[in-house]
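Colleague: Please take me through one part of this model up close, and then show me how the rest of the chain looks around it.

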Amino acid sequence: IEGLELRDNLHVNDGSGIRVEGHGSHLEFRNNRIHEIRGKDAMGITVYGTDKARPVDYIVIDGNHIYNCDPAKSEALVLNGNVSHFEITNNVVHDVNNIGIDMIGGEVSTTGDGTKVARNGVCRGNKVYRCRSNYEDGYAAGIYVDGGHDIVVEDNIVTQCDLGIEIGAENKGTVAFNIAVRNNVIFHNDKAGLIFGGYEKSTGRVQLSTFSGNLCYQNNRHKEDHNGELWIQWASDNEVKNNTFIVNGSESPLAQISVGGEGNTLSDNHYYTDAGADDAFFLYKNHDVNGFAAWKTATKQESGSVFGPKEVKLPSVE
């Protein structure tokens with residue numbers, strides 16, 4: 001399906017501009033323009049692998065433009081369930097009322113089997129902006145892996161969303177693993193930049209994943225809810241290395257490690273706030289940590305990490 005404009009579906013209740021259900025192989029969706037899909041669960045492109053025995057696989061979603069849609073409480077571009085070997089590349093997703101791009105596993109309602117998850121894929125070169133949830137407290141990520149595994153998330157730009165890029169596992173017993181998040185630019189999001197881990201003990205976990213080469217810049221636009229350029233939740237055996245975290249002022253944390261997020265390795269990262277190294281603010285297991293040296297002491301991490309100014313060039317998304 002290539003080069004279509006799909007628009008003005010204004011009274012949706014669980015619908016999509018393009019939707020796949022069941023199983024199938026070698027499907028391509030390229031250079032489509034999808035907008036003004038309005039209502040409830042009014043999505044752009046949706047791939048549901050609902051067959052337990054046979055996946056939807058070898059999928060290409062490339063160069064599409066999705067905007068001005070109402071996906072809440074769902075997602076604008078989503079792969080969910082028994083979906084394997086996919087490419088989500090060079091898409092532009094913006095001005096939607098929940099998550100921009102999502103790769104999901106662990107939802108029993110999709111296949112009847114929570115072990116059938118989005119896997120073996122890449123999410124690369126996408127631009128995602130102004131994806132903000134219109135319900136509860138507003139925690140929509142621009143790009144989200146929820147319970148998937150063996151996925152590369154690289155070279156994306158995410159800005160002006162509730163959260164930047166999140167790797168999580170919402171469903172109990174589900175583990176997101178072997179996720180590589182690298183070389184993304186995450187800036188001017190409202191509440192946090194790069195987030196990984198289950199959001200509480202009773203949900204799933206994130207393990208054996210890597211976060212490297214990412215720039216997280218001033219992701220503290222919301223005046224009352226600052227969670228950090230880096231926010232680690234229930235997660236273990238992951239590596240955070242060679243990233244840059246920059247925040248303005250001393251009221252928002254550069255990084256936060258919540259209870260349940262201690263068993264990870266952080267090293268060779270670059271931190272900066274104009275408040276200075278001694279007044280840099282961090283959170284560790286619900287306790288304030290003031291100063292970069294104190295952060296390294298509290299976490300027993302950050303070998304090779306440094307604090308200091310760094311010139312960055314932010315990309316344009318429009």
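Modeller: Happy to! Let's start at Asn219, which counts as buried because its relative accessibility is 1% (buried means under 20% relative accessible area, exposed over 50%, and partly exposed in between, with a 1.4 Å probe and protein chains only). Before going on, please note that this is a predicted model, in which local features need pLDDT of at least 70 and side-chain atom pairs count only at pLDDT 80 or more, while totals for chains, interfaces and linings use all residues. Residues are numbered from 1 along each chain as its sequence is written, and side-chain values use heavy atoms, with hydrogens and water left out.

Asn219 sits in the loop between strand S21 (215-217) and strand S22 (230-232); helices (H or I, at least four residues) and strands (E, at least two) are DSSP runs, numbered from the N terminus. What does Asn219 touch, leaving aside residues up to four places away in sequence? Its partners are Ile186, Phe187, His188, Asn189, Asp190, Lys191, Ala192, Gly193 and Glu229, where contact means heavy atoms within 4.5 Å.

Now for the wider setting. Of the 318 residues in the chain, 58% count as buried, as Asn219 does. The chain has 2 helices and 30 strands. Taking contacts between residues at least 6 apart in sequence, 82% join residues at least 24 apart. The C-alpha trace spans about 55 × 40 × 30 Å along its principal axes.

While you have the structure open, a few backbone spots elsewhere deserve a look. Asn68, found in strand S5, has a positive phi of about 50° although it is not a glycine. With a relative accessible area of 22%, Asn68 is partly exposed, whereas Asn219 is buried. S5 covers residues 65-69, and the loop between it and strand S6 (75-81) holds Lys73. The peptide bond leading from Ala72 to Lys73 is cis, with omega near 5°. Further along, His85 belongs to strand S7 (residues 83-89). His85 is another residue other than glycine with a positive phi, here near 55°, and its relative accessibility of 34% makes it partly exposed.
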